[in-house]
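Subject: Structure for your reading

Dear colleague,

Please find below the sequence and the structure that I am handing over to you. My notes on what was found follow directly after them.

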Amino acid sequence: METYGAIILAGGRSTRMGSDKAALPFGAKRLLNHVIEIVRPIVSHVVVALNRDQYILPRLLDLEEDIDIAWDSKDRQGPLQGIADAVSLLKKDIDCYYVLSCDLPFLSAQWMLHLADRMSAGTDVVCTTMDGISNPLLALYRKKVLKQAPVLLRQNQFRPIKLWDKRNVMQANADFNKLPYGMGVNTREEFIQALNFLNHQSSIVPN
């Protein structure tokens, strides 16, 4: 049986949002807390990748003590740097790690389990695809794949999708679902639209 962990990338500069996306209010909690709460029942290890300017964030969000923090060793290198800095914290007894951005208001346990169901013995990565676009930051990776992140950075490769080179990648199409599981929020307008959509969905009472 496969074992699972998660790397949650929360160290982006959120320039288009205008404030730290990880700390955005999401109901009675923050957006990063929302993602962690969905992840925790499914995985046995969580690593949150942060940049050095977010030193107060773990206390602000009241992150549990058993969550490992991977601090960026180099500034402004993008999400692959966060993955690379998390590699040294990965557990030996865990086979696969989800890689998730922190700005996924529509993330669900159902979708994460769907990704796990599609991880076969010959598959290296299972990735969410929406509108024909593959998202390497909403995907499930074999641990051996993630260990290539530091190597890629030394080669001046900074795109997470480069982890897929010469790998068997399975696409999981999310277009048929009612909720856009793979949709992130990059601007204040997108975040408000997501909140309004989720509030509308929760107000619908089945017949």
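The side chain of H45 makes a polar contact with the side chain of Y97, at 2.7 Å. A polar contact is a pair of N or O atoms within 3.5 Å; within protein, one must be able to donate a hydrogen and the other to accept it, and residues adjacent in sequence count only if both atoms are side-chain atoms. Please note that this is a predicted model, in which local features need pLDDT of at least 70 and side-chain atom pairs count only at pLDDT 80 or more, while totals for chains, interfaces and linings use all residues. Residues are numbered from 1 along each chain as its sequence is written, and side-chain values use heavy atoms, with hydrogens and water left out.

H45 is found in the loop between helix 1 and strand 4. Helices (H or I, at least four residues) and strands (E, at least two) are DSSP runs, numbered from the N terminus. H45 counts as buried, at 5% relative accessibility. Here buried means under 20% relative accessible area, exposed over 50%, and partly exposed in between (1.4 Å probe, protein chains only). Leaving aside neighbours within four places in sequence, the residues in contact with H45 include Y4, D68, L89 and Y97; contact means heavy atoms within 4.5 Å.

Seven strands form an open sheet with mixed pairing, in the order 5-4-1-6-8-7-9. Two strands pair if DSSP finds at least two bridges between them. Strand 5 (68–71) and strand 9 (169–173) stand at the edges with a single partner strand each, so one side of each has no neighbour in the sheet. On average, neighbouring strands of this sheet are turned by 25 degrees against each other, direction ignored. Strand 4 (residues 46–50) pairs with strand 5 in the parallel sense over four bridges, and V48 has I69 in strand 5 as its bridge partner.

Helix 1 (residues 31–39) lies across strand 1 (4–9), strand 4 and strand 6 (96–101), and runs at about 170 degrees to strand 1. Axes are lines fitted to C-alpha atoms, for helices over the stretch in contact, and angles run from 0 to 180 degrees between N-to-C directions.

What lies in the interior? A nonpolar core is a set of buried Ala, Val, Leu, Ile, Met, Phe, Trp, Tyr and Cys residues joined through side-chain atoms within 4.5 Å. The largest one has 37 residues, and those with the most contacts inside it are I8, L32, V39, V48, Y98 and L100. Helix 1 supplies the largest share of this core, five residues. Apart from it lies another core, of 25 residues, among them A49, A70, A86 and L163.

A116 has its place in helix 4 and is buried, with a relative accessible area of 11%. Leaving aside neighbours within four places in sequence, A116 is in contact with Y4, Y98 and L140.

How many disulfides are there in the whole structure? The search finds zero, a disulfide being a pair of cysteine sulfur atoms within 2.5 Å. The sulfur of C96 has its closest cysteine sulfur in C127, 15 Å away, which is too far for a bond. C96 is buried at 0% relative accessibility, and C127 is buried with a relative accessible area of 0%.

Yours sincerely,
A colleague
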